[in-house]
Amino acid sequence: ANEQVRKREIRDHHQLQTHKYCGIVADSLFVDNSSQATNMIGEESLQPIGQPLGKSSSSKLSHGSSSNLELSSHGDEQTTEFRIKASDKSGSKPISLWHDVTLVHVDPATDRPTPYLNFVCEIPKFTRKKFEIATDEVGNFIKQDEKKGVLREFKKGDIFFNYGCLPRTWEDPTFVHPDAEGCRGDNDPVDVCEIGSRIIGTGDIRPVKVLGILCMIDEGEADWKVVTIDAEDKWAPFLNDVDDVEKLLPGTLSAIREWFRTYKIPDGKPPNVFGLDEKFMDKHYALEIIKECNHAWKELITGEKERNLEKCDAEVRGLVRKLSKSNLLDLDADDDDNAPTF
């Protein structure tokens with residue numbers, strides 16, 4: 001009986017927090033006019049995420065979860081030609097993990113948006129190979145980063161959290177955030193540190209709860225790090241903001257900050273520095289940064305950003321123009337509206 005009471009209390013607490021989070025997302029971040037977005041408020045907890053019921057009514061060019069995707073490896077793993085590619089289940093259409101996956105997670109059982117965001121894992125926890133989405137290649141497949149033909153790994157050692165990015169976000173190199181110590185965006189999707197217990201594979205997509213954010217300054221560029229937890233992790237019901245992480249998992253945040261401060265030292269580079277007095281900002285602040293970066297992504301893929309580069313220096317113009325934006329050039333307006341987006 002006591003165990004049943006405890007489980008009921010946990011469930012009720014999680015549902016309350018889910019409703020609060022839904023309200024933040026629906027009221028502050030959604031621009032979608034469909035009933036999918038507005039009906040999120042008041043939904044019961046969506047844990048665990050269900051299995052697909054059948055053919056989705058979402059955009060054929062957008063994927064709200066990993067349910068209709070599959071990954072395949074191409075080339076020899078220890079070479080610069082190695083790629084991890086995503087495609088639909090039929091294998092007929094390549095999928096960009098940057099452009100074709102929605103930012104907001106969609107429950108495959110209901111085909112409706114959840115309170116969670118999609119996280120694309122690039123580097124699984126307890127590994128060190130520096131895999132990343134190839135933002136400058138058509139298809140945006142995942143590759144191992146290289147420098148002068150040498151494959152890169154973290155010389156510091158294995159990373160202790162799952163590391164990747166948020167799809168449909170872009171840290172605009174023409175924009176200087178007022179809290180970023182005068183530094184522009186780093187020209188990549190927004191980075192994510194997922195602190196759950198499971199090891200998430202390279203290329204896998206997981207629904208995550210946003211908890212907070214850290215502003216790292218990396219060689220003169222703003223490089224935001226969003227702290228999240230897998231929506232189905234055992235700690236997820238108890239972690240709803242950055243203060244919960246500090247209270248229930250003490251030392252986690254400082255360990256993340258010190259990892260990023262020191263990981264380039266073995267390469268002969270100085271320690272990284274941080275904005276905002278090195279503080280992890282709360283969930284609300286994190287969602288505002290994500291909102292800005294999703295807006296920047298829209299400007300990028302519609303061509304609006306490139307049409308307004310005249311005032312930028314040649315280096316920035318080159319950074320923007322080398323990015324691959326081809327996956328969404330034929331995206332219909334109706335298709336884009338049907339997919340839940342910020």
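# A chat about buried charges, the core and the strands

Q: Let's start with D191 and K225: what do they form with each other?
A: D191 and K225 form a salt bridge, and their closest N and O atoms are 2.7 Å apart. Please keep in mind that this is a predicted model, and that the distances quoted here are computed from it.

Q: Where do the two residues of that pair sit in the chain?
A: They come from distant parts of the chain, 34 residues apart, with D191 in strand β12 (residues 191-194) and K225 in strand β14.

Q: And are D191 and K225 buried or exposed?
A: Both D191 and K225 are buried. As a general point, side chains of opposite charge can pair when their charged atoms come close.

Q: What else does the side chain of K225 meet?
A: The side chain of K225 makes a polar contact of 3.0 Å with the side chain of D223, and D223 also lies in strand β14.

Q: Is D223 buried or exposed?
A: D223 has a relative accessible area of 5%, which is under 20%, so it counts as buried.

Q: Which residues does D223 touch, leaving out its close sequence neighbours?
A: Not counting residues up to four places away in sequence, D223 touches E171, D186, D191, L214, M216 and D218, and D191 is the residue that forms the salt bridge with K225. The C-alpha atom of D223 is also 6.7 Å from that of G185, although these two residues are 38 residues apart along the chain.

Q: How many salt bridges does the whole structure have?
A: A search of the whole structure finds 23 salt bridges.

Q: What about R206, which residue does it form a salt bridge with?
A: R206 forms a salt bridge with D230, with the closest N and O atoms 2.7 Å apart. This pair, too, links distant parts of the chain, since R206 is in strand β13 and D230 is in strand β14, 24 residues apart.

Q: Are D230 and R206 buried or exposed?
A: D230 is buried, with a relative accessible area of 1%, and R206 is buried as well, with a relative accessible area of 15%.

Q: Which residues are in the network of salt bridges with them?
A: The network links R198, R206, D230 and E232 through salt bridges.

Q: And E137 with K143, how far apart are N and O in that one?
A: The side chains of E137 and K143 meet in a salt bridge with N and O 3.9 Å apart. E137 counts as partly exposed at 22% relative accessibility, whereas K143 is buried, with a relative accessible area of 14%.

Q: Changing topic, which residues touch the most other members in the largest nonpolar core?
A: The largest nonpolar core has 26 residues, and those touching the most other members are L117, L166, V210, I213, W224, V226 and I290. At least two residues of this core come from each of β5 (112-123), β13 (205-218), β14 (221-230) and α5 (283-302), and α5 gives the most, with six residues.

Q: What does L166 touch?
A: With residues up to four places away in sequence left out, L166 touches L103, L117, N118, P189, V190, V192 and I290.

Q: N118 is in that list, so which side chain does it have a polar contact with?
A: The side chain of N118 is joined to that of H105 by a polar contact of 3.0 Å. H105 lies in strand β4 (residues 104-107) and counts as buried at 3% relative accessibility. A polar atom of the H105 side chain also lies 3.4 Å from the backbone oxygen of G64.

Q: How many disulfides are there?
A: A search of the whole structure finds zero disulfides. C215, for example, is in no disulfide, and the nearest cysteine sulfur, that of C183, is 7.7 Å away. C215 is buried at 0% relative accessibility, and C293 is buried with a relative accessible area of 7%.

Q: Last topic: which way do β1 and β2 run?
A: Strand β1 (residues 69-74) and β2 run antiparallel and are joined by six bridges; in β2, S87 is the bridge partner of E70. Strand β2 (residues 83-88) is mostly covered, with five of its six residues buried.

Q: And how does β2 pair with β3?
A: β2 and strand β3 (residues 94-95) pair in the antiparallel sense over two bridges, and the partner of S87 in β3 is P94. Their hairpin has five residues between the strands, and G91 takes a positive phi near 80° there.

Conventions. Residues are numbered from 1 along each chain as its sequence is written. This is a predicted model: local features need pLDDT of at least 70, side-chain atom pairs count only at pLDDT 80 or more; totals for chains, interfaces and linings use all residues. Side-chain values use heavy atoms; hydrogens and water are left out. A nonpolar core is a set of buried Ala, Val, Leu, Ile, Met, Phe, Trp, Tyr and Cys residues joined through side-chain atoms within 4.5 Å. Buried means under 20% relative accessible area, exposed over 50%, partly exposed in between (1.4 Å probe, protein chains only). Helices (H or I, at least four residues) and strands (E, at least two) are DSSP runs, numbered from the N terminus. Contact means heavy atoms within 4.5 Å. A polar contact is a pair of N or O atoms within 3.5 Å; within protein, one must be able to donate a hydrogen and the other to accept it, and residues adjacent in sequence count only if both atoms are side-chain atoms. A disulfide is a pair of cysteine sulfur atoms within 2.5 Å. A salt bridge is a side-chain nitrogen of Lys or Arg within 4 Å of a carboxyl oxygen of Asp or Glu. Two strands pair if DSSP finds at least two bridges between them.
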